[in-house]
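Colleague: I am new to this structure and would like to learn how to read its features one at a time. Could you take me through them, giving the general idea before the particular case?

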Amino acid sequence: MTTAIRAKITAVGTYVPPRVLTNADLEKMVDTTDEWIMERVGIRERHLVDKGVAASDLAVEAVKNLLASHPFDLQEVELIVVGTVTPDMMYPSTACLVQHKLGIKNTWGFDVSAGCSGFLYALNAGVKFIESGQYKKVLVIGSDVNSSMTDFTDRAVCIIFGDGAGAVLLEPASSDGEGIIDHVAQIEGMGGEFLFMPGGGSLNPASHETVDQKMHYIHQDGKNVFKYAVKKMSEMTERILERNQLSGQDVDCFIAHQANRRIITATADRLGMPLEKVIINIDRYGNTTAGTIPLAMRTALEEGKLKKGDLLLIAAVGAGFTSGATLVRWAF
Ligand code: UT7
């Protein structure tokens, strides 16, 4: 008889670049106010890279910080999965660049493009490799340099995004019940028209014209993205809880993609979850796309809100549209 192998997260490392852009700074750049941003989105400040720093650099720093908290031989890593929509370049993949910079010899890897669900999709891909029984150590990374595609004259966009990264180590779970329990996910491509970057791909290759038309920036219909995110975040979390015969009351810690404080609290409200169980750090980092979930894991650990044995619910909605939710019995 074969026993099902479960994957568990055994370490988390994160990194944000040191430069901080506050709401007061943004007030000098566009027609906005600290009060509007705090009330409508819940962000006070975000971190941005300096010129020449790319997604792979943030990812490498996140892995180094993971290693500092959980030392192990990096050469044992068999697979690197990177969630990002801001790869250093179209190709090679960020996974290849990270592998090279970290000097990991016998590994392979790939990138996952799923917008703000990028980390969750990368995590679930990594989990499947552990569950196959053939892999013992998988690095899953979410890293985005959103400032590379932000129009800092567009007040509806530039106030939201920040740069950041996080990494987790996946290993087979040794004891019953620990680790990644279940996940649900869905893509709905009709959402592509509400959040996208039109320039630089095969449809609109980079040219003077695409740059003049600002096609290399984030294009966002904020209202429609907001409405979809509130609806879908609830739908995904309710779906995963229901099919595991659980309710919001059973969850010890809730980590949602940090896009807007109001989206997170609306979902928690719907699940009947008190705010003490909800991790919110969007005030410090803004929306770092694939970075938000590992950054929130780190916050949860630091604040003592996520402990061994806790039931963690993770949810994300992003460009695509992409969405998903994952249930975890936390293992350390
Ligand atoms: O992870 C996926 C990434 N994106 C998202 O999750 C975005 C989801 N959407 C949102 O978070 C919100 O829709 C926004 C934060 C983008 C916008 O907030 P909102 O409450 O939906 O504002 P709105 O678009 O309805 O605009 C209300 C007003 C407008 O003015 P008028 O037309 O009523 O005079 C906007 O022009 O607020 C104005 N506005 C601003 N005012 C001050 C838009 N951006 C700003 C700003 N400062 N930065």
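This is a predicted model: local features need pLDDT of at least 70, side-chain atom pairs count only at pLDDT 80 or more; totals for chains, interfaces and linings use all residues.

Colleague: Which residue forms a salt bridge with Lys 8, and how far apart are the closest N and O atoms?

Modeller: The partner of Lys 8 is Glu 178, and the closest N and O atoms of this salt bridge are 3.8 Å apart. The pair links distant parts of the chain, since Lys 8 belongs to strand β1 while Glu 178 sits in the loop between β7 and β8 (179–187), with 170 residues separating the two.

Colleague: How is the chain divided into domains?

Modeller: Domain 1 covers residues 7–172 and domain 2 covers residues 179–329, and the C-alpha centres of these two domains lie 14 Å apart. Contact between the domains involves 52 residues of domain 1 and 46 residues of domain 2.

Colleague: How much area is buried between domain 1 and domain 2, and what share do carbon and sulfur atoms give?

Modeller: About 3,700 Å² is buried between the two domains, and carbon and sulfur atoms give 62% of that area. On the side of domain 1, the residues that lose the most area to domain 2 are Cys 116, Leu 120 and Met 149, which together account for 17% of what that side buries.

Colleague: How many salt bridges and how many residue pairs in polar contact are counted between domain 1 and domain 2?

Modeller: The count between the domains is 1 salt bridge, and Asp 151 forms a salt bridge with Lys 214 in which the closest N and O atoms are 3.2 Å apart. Polar contacts between domain 1 and domain 2 come to 24 residue pairs, with both residues at pLDDT 80 or more. Several elements each supply at least two residues of the side of domain 1 that touches domain 2, among them β1 (7–15), α2 (34–40), α5 (118–131) and β7 (163–172). The largest share of that side, 9 residues, comes from α5, and the residues of the side as a whole divide into 23 nonpolar, 18 polar and 11 charged.

Colleague: Which residues come nearest to the ligand?

Modeller: There are 21 residues around the ligand, and those that come nearest are Thr 32, Arg 40, Arg 155, Lys 223 and Asn 260. Asn 260 has a side-chain N or O atom that is 2.8 Å from an oxygen atom of the ligand.

Colleague: Finally, how should I read the backbone, and where are its cis peptide bonds?

Modeller: The general idea is that most residues other than glycine have a negative phi, and most peptide bonds are trans. Here the bond from Tyr 91 to Pro 92 is cis, with omega near 5 degrees, and Pro 92 lies in the loop between β4 (79–83) and α4 (94–102). The bond from Gly 320 to Phe 321 is also cis, with omega near -5 degrees, and Phe 321 is found in the loop between β13 (311–318) and β14 (322–329). As for phi, Lys 214 has a positive value of about 60 degrees although it is not a glycine, and Lys 214 lies in the loop between α7 (208–212) and β10 (219–220).

Terms used:
Residues are numbered from 1 along each chain as its sequence is written. Side-chain values use heavy atoms; hydrogens and water are left out. Domain bounds come from an automatic or database domain assignment. Contact means heavy atoms within 4.5 Å. Buried area is the accessible area (1.4 Å probe) that two parts lose on being put together, summed over both. A salt bridge is a side-chain nitrogen of Lys or Arg within 4 Å of a carboxyl oxygen of Asp or Glu. A polar contact is a pair of N or O atoms within 3.5 Å; within protein, one must be able to donate a hydrogen and the other to accept it, and residues adjacent in sequence count only if both atoms are side-chain atoms. Helices (H or I, at least four residues) and strands (E, at least two) are DSSP runs, numbered from the N terminus. Ala, Val, Leu, Ile, Met, Phe, Trp, Tyr, Cys and Pro count as nonpolar, Asp, Glu, Lys and Arg as charged, and the others, Gly among them, as polar. A residue is near a molecule or strand if one of its heavy atoms lies within 4 Å of it.
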